[in-house]
Amino acid sequence: MTYSLRFDPGDGERSVPLTASELRIGRGGDNDIVLSDGSVSRQHLLLRWQGDALVAEDLGSTNGLKVNGKQRKQAVVAAGDELQIGKFVLLLEGAARGRGAGRSARASEGAAGPAGEGAGSTPATAGGATVPASTSGDAMAAFGGDGPIPAGTIVRKLSDLVQEDQQLDPLLGRRSGEDSRSDSSAGPPPAAEASVRGYLDALNRLARDLLRADNETTVLRTMLEVVFASLRVDRAFVLLGSTIDNLRCEILRDGSEVQIRPSEEVPVSQTILRTVMQDQVGLLSLDALDDRRLASGESIRLHGIRSAMCAPLWAEGEIVGFIQVDSPFQKGRFGGADLDFLITVANYGAVGIQRIQERRSRGRLERYHSPSVVEEVLRVDREEIGARGLRKAEVSVLFGDLVGFTAFSEHASMDEVADLLEGYFSRATEAVFAHGGTLDKFIGDCVMAFFGAPLDQEDHAERAVSAGLQLVAAVREWNEERRGAGRPEVAYRIGVNSGPVLVGDVGSQDRVDYTVLGNTVNLAQRLESGVAKPGDLVIGESTHRLLPPGFECEPLGEHALKGLQTRVRAFRVLGRGVEPGRTGGRRSPRRAAPGARG
């Protein structure tokens, strides 16, 4: 069994195994054990193996080294000896080991530690004392510089947490799947177990409250409430964004004061954020001002950041923001378990934000698309379907307008007008959704829809014309009901055109609509208003060219349309289900009869 050091950093005894060939203790962040107290020098004590002997060596400290109460510059020590540095007493326990059994705490990348502790195992932490465990190659390079990570910095690689399912087990001081009944030196003391239970209770409350949250601000407030209740935090910030350049502070808490989207610059470290984002890690610095890898950052010096932790808000491999907590007053305030807890809180928060955004996206999509299209859109990656911003697409646009609606509205009651619009729009929406179309908008008594976006549909022309024919048939049946009730029949016009458009969200910060823009849209509207007669379904030449065999169409010749310099060819769709190639001037018996011109 290897030697171990037992000491109390101020919040309960800890036992740290001496598994390395040497171990440095001091106040500075680049030590293997950091004791944040003024009685301890920055570089205070070195423990090293010399053959089979363990040597304790004073590193020129102010208060010196005492071994069993006597001042020593250097001494061979053994089990049972007491080492005093400053106000701390470290008891050496255990039995001597054989030559060569130890390795440096800054061993070669990825090297396995003793007793089965592999790369990336959890550091021993307690209050102001932190001892890094063996560090993987990825974590060693986390700061992008040469040389090892300082002992005063703890790094958690997100990919390791995902692969090893370590979101909660690191809080217990052991790796996922490790037997908790092993030697007591491998697990946490009772005080740490109580702390773990507090963490788990806090996470349970967080999960419960996030399920009730209905907006991002509530999620962020809940996160910070849990963090402040569980950790010794002075300040906390949550920033949302996927790159350093587009990050925005959404919430700031300094003590009890909370600010939503603060207008002034917030004291976050660009150096820490950049490291966390580029290397996809959670990061803890016991003293950012003394940390040689971080102290060069201007924002750290400017904002006086001392103890600090930063974790990305990540879910399903996507980073949506960051949470940074710090203390500008005290060094060594956080430990490895605190970092694991913060990473887990950030993960919960990211999932909560993602859930709200998906719910909002679903609600927005349900306004425009059929349920089947909504499910497909949510399944496909958003970037692939261009759900945000404008993109080019080939679509077919449909306009369906009521004829004589203005005159009808003059003498009809409000209830009759509402009943007419509801009846027509319901049938139009059903026809559009039945063929996988997107309902763009209702314009007065007109419906606008398009096919071929947000999901690409090679048969968009066929879908649009089929939806038009379904609307024709639905209005015909509706008119039979209205005649039977002694009410006036409904007349309509439908126009369809196909071609290139810009499609996406258009509007202001307060309101956006998913719509299509371009000449293709204008021509579809002109075909409906300038060419189609009541009861007609008229299509443009491009739509006619894209239709498969089976549609009966009647050529209407060329037309000069308002706002267009060139004449356009148009066709009246008579029906579907006749022999391929049968077109001409004779109407198909399957054509739906137009309603009376009311």
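Reader: What volume does the second largest cavity have?

Author: In this predicted model, the second largest cavity has a volume of about 50 Å³.

Reader: What makes this space a cavity, and how many cavities of 30 Å³ or more does the structure hold?

Author: The term cavity applies because a 1.4 Å probe fits at its points but cannot get out. The structure holds 3 cavities of 30 Å³ or more.

Reader: Which residues line the second largest cavity, and which elements give two or more residues to its lining?

Author: The lining consists of L18, T19, A20, S21, E22, L23, L47, R48, W49 and L54. Strand 3 (22-26) and strand 5 (45-50) each give two or more residues, and strand 5 provides the largest share, 3 residues.

Reader: How is the lining of the second largest cavity divided by class?

Author: That lining has 6 nonpolar, 2 polar and 2 charged residues. E22 and R48 belong to the lining, and they count as charged because Glu and Arg are in that class.

Reader: Why is N68 called partly exposed?

Author: The relative accessible area of N68 is 44%. Partly exposed covers values between the 20% limit for buried and the 50% limit for exposed, so N68 at 44% is partly exposed. N68 lies in the loop between strand 7 (65-67) and strand 8 (70-72), and has a positive phi of about 55 degrees although it is not a glycine.

Reader: Is R261 buried or partly exposed, and where does it lie?

Author: R261 has a relative accessibility of 41% and therefore counts as partly exposed. R261 is found in the loop between strand 17 (257-260) and helix 5 (270-279). Its phi is positive, near 45 degrees. Such values deserve mention because most residues other than glycine have a negative phi.

Reader: What kind of peptide bond joins A453 and P454?

Author: The bond is cis, with omega about 5 degrees. P454 is placed in the loop between strand 23 (446-451) and helix 12 (460-484). In general, most peptide bonds are trans.

Reader: Which residues touch the most other members of the largest nonpolar core?

Author: They are L313, I323 and V325, in a core of 56 residues. Helix 7 (residues 336-368) contributes the largest share of this core, 9 residues. Leaving aside residues up to four places away in sequence, L313 touches partners including M223, V238, L240, I323, A346, A350 and I353. A second, separate core of 38 residues includes L420, F433, V472 and V573.

Definitions and conventions:
Residues numbered from 1 in each chain as written. Predicted model: local features only at pLDDT ≥ 70, side-chain atom pairs only at ≥ 80, totals over all residues. Heavy atoms only, no water. Helix = DSSP H or I, 4+ residues; strand = E, 2+ residues; numbered from the N terminus. Buried < 20%, exposed > 50% of the residue type's maximum accessible area, 1.4 Å probe, protein only. 1 Å grid on protein atoms, 1.4 Å probe; cavity = no way out; pocket = protein on both sides within 12 Å on 5 of 7 lines; lining within 4 Å. Points joined across faces, edges and corners; volume = space filled by probe spheres on them. Core = buried A, V, L, I, M, F, W, Y, C linked by side-chain atoms within 4.5 Å. Contact = heavy atoms within 4.5 Å.
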